[in-house]
Amino acid sequence: MNKRSRLRWLNSSSDNRKSKSGPANQNRKWAGIFAIALTFVFGGAVAQAQQPNKIFRVGILGTEAKERKERIAQYLRELGYIEGKNVIYEVRASGGVPEPFADFAAELVRLKVDVIVAGGAGAVRAAKNASATIPIVMGAVNDPIALGYVASLAHPGGNITGISNLSPELSGKRLELVKETIPKATRVAVLAYRAESMRTSIKETEDAAKFLKIKLQLFEITAADQLDRMFDAAKKQRADGLVQIQAAFLAPYQRRIIDLAAKHRLPAMFNNQAQVEAGGLMSYGANRAHMNQRIAAMVDKILKGTKPADIPVEQPMKFEFAINLKTAKQISLTIPPNVLVRADQVIR
């Protein structure tokens, strides 16, 4: 290689080395280092967020809190919440007496629960008074707007959402089924809990009775020892049937109410299938399994960061009609075929 060729080769090699270590290559080098750093920082954050190290506390408050806990826990388990592993349930049941709700709600606040599932208007009121920040999920409250729990169903506002059991069709349908079951019925007794939260449901029942040309005998009670006198009075006033308006207060006394209806041979319409399975004659109401599934879904959303104000209050979408033919036979009542065929469940 002559001197001139050697110089040309050396210059070419030098240019190649400069090009490999030039600004573009340096940029690529630093970009790679930056990408690796981001991987460590954000990858570690994602991994940390995915670790199931958070143990949620779910408060359950109401007269049927123990039963509701079992139903809610079943659906939350399907969503990945395992009791004792990543969720703890704090159950506070009043046994039908409204007074302890305030103390129980305050206790749940002290325990710093992440959400409170409150069944019934009294439980919701107590939870609302106890905290304006802890999310509250209602379990089938008759008229949450009139009671001041939410601003509207679509936009609840505040810290409360859940299920509203307000539906004029329910009251009308129950009376309609009583009338179809007992075509000659002209007087129907109504068993209700005397409370402001029941006024809307009572008004709906009265409106339905006017349409169906049925005279109502309204009995509002505030204590369990009034039940015997109420049934005696209904029988003396020649009631042809009975409709019970749903109230959390009455839940602990269902066995007593069913027995008294059978004793007085009074065809009774209840609110849910469980009461028919326990010996009640008929029930028409929201599908409880579906309602508890929706409540569990709301709890899941809240635990994942959604605010109650952004979760619309839902109304029941699935309803069920149940008949107990054993009870019908016991009180010497024949269920018309056109009514029987419409039942979702028939207990024979």
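Predicted model: local features only at pLDDT ≥ 70, side-chain atom pairs only at ≥ 80, totals over all residues.
The buried residues of helix H9 (residues 254-263) are covered by elements that include strand S6 (187-193), helix H8 (227-236), strand S8 (241-244), strand S9 (268-270) and helix H10 (273-277).

In helix H9, the residues that are buried, with under 20% relative accessible area, are Gln254, Ile257, Ile258, Leu260 and Ala261. Around the axis they cover an arc of only 165°, and therefore they lie on the same side of H9. Just after this helix, Arg265 takes a positive phi of about 50°.

Helix H7, which spans residues 199-212, has 14 residues, and the distance from its first C-alpha to its last reaches 20 Å, close to the 20 Å expected at 1.5 Å a residue. Within H7, the buried positions are Ser201, Ile202, Glu204, Thr205, Ala208 and Ala209. Seen down the axis of H7, these buried residues fall within an arc of 160°, so they line one face of the helix. An α-helix has 3.6 residues a turn, so residues three or four places apart point the same way. On the other side of H7, by contrast, Lys210 and Phe211 are exposed. The residue that follows H7 is Lys213, and its phi is positive, near 60°.

| Helix | Residues | Buried residues |
|---|---|---|
| H7 | 199-212 | Ser201, Ile202, Glu204, Thr205, Ala208, Ala209 |
| H9 | 254-263 | Gln254, Ile257, Ile258, Leu260, Ala261 |

**The parallel sheet**

An open sheet is formed by five strands in the order S2-S1-S3-S4-S5, with parallel pairing. Its edge strands are S2 (87-93) and S5 (160-164), each of which pairs on one side only, and from one strand to the next the twist averages 15°. Strand S1 (residues 56-62) runs parallel to S2 and is joined to S2 by seven bridges; in S2, Val87 is the bridge partner of Phe56.

Two helices that pack on this sheet can be described by the strands they touch. Helix H3 (residues 65-78) touches S1, S2, strand S3 (115-119) and strand S4 (136-141), and the direction of H3 makes about 160° with that of S2. Helix H4 (residues 100-110) also packs on the sheet, where H4 touches S1, S2 and S3, and the direction of H4 makes about 175° with that of S1.

Key
Residues numbered from 1 in each chain as written. Heavy atoms only, no water. Pairing = 2+ DSSP bridges. Helix = DSSP H or I, 4+ residues; strand = E, 2+ residues; numbered from the N terminus. Axes fitted to C-alpha atoms, helices over the stretch in contact; angles between N-to-C directions. Contact = heavy atoms within 4.5 Å. Expected span 1.5 Å × (residues − 1). Buried < 20%, exposed > 50% of the residue type's maximum accessible area, 1.4 Å probe, protein only. Arc of directions from axis to C-beta.
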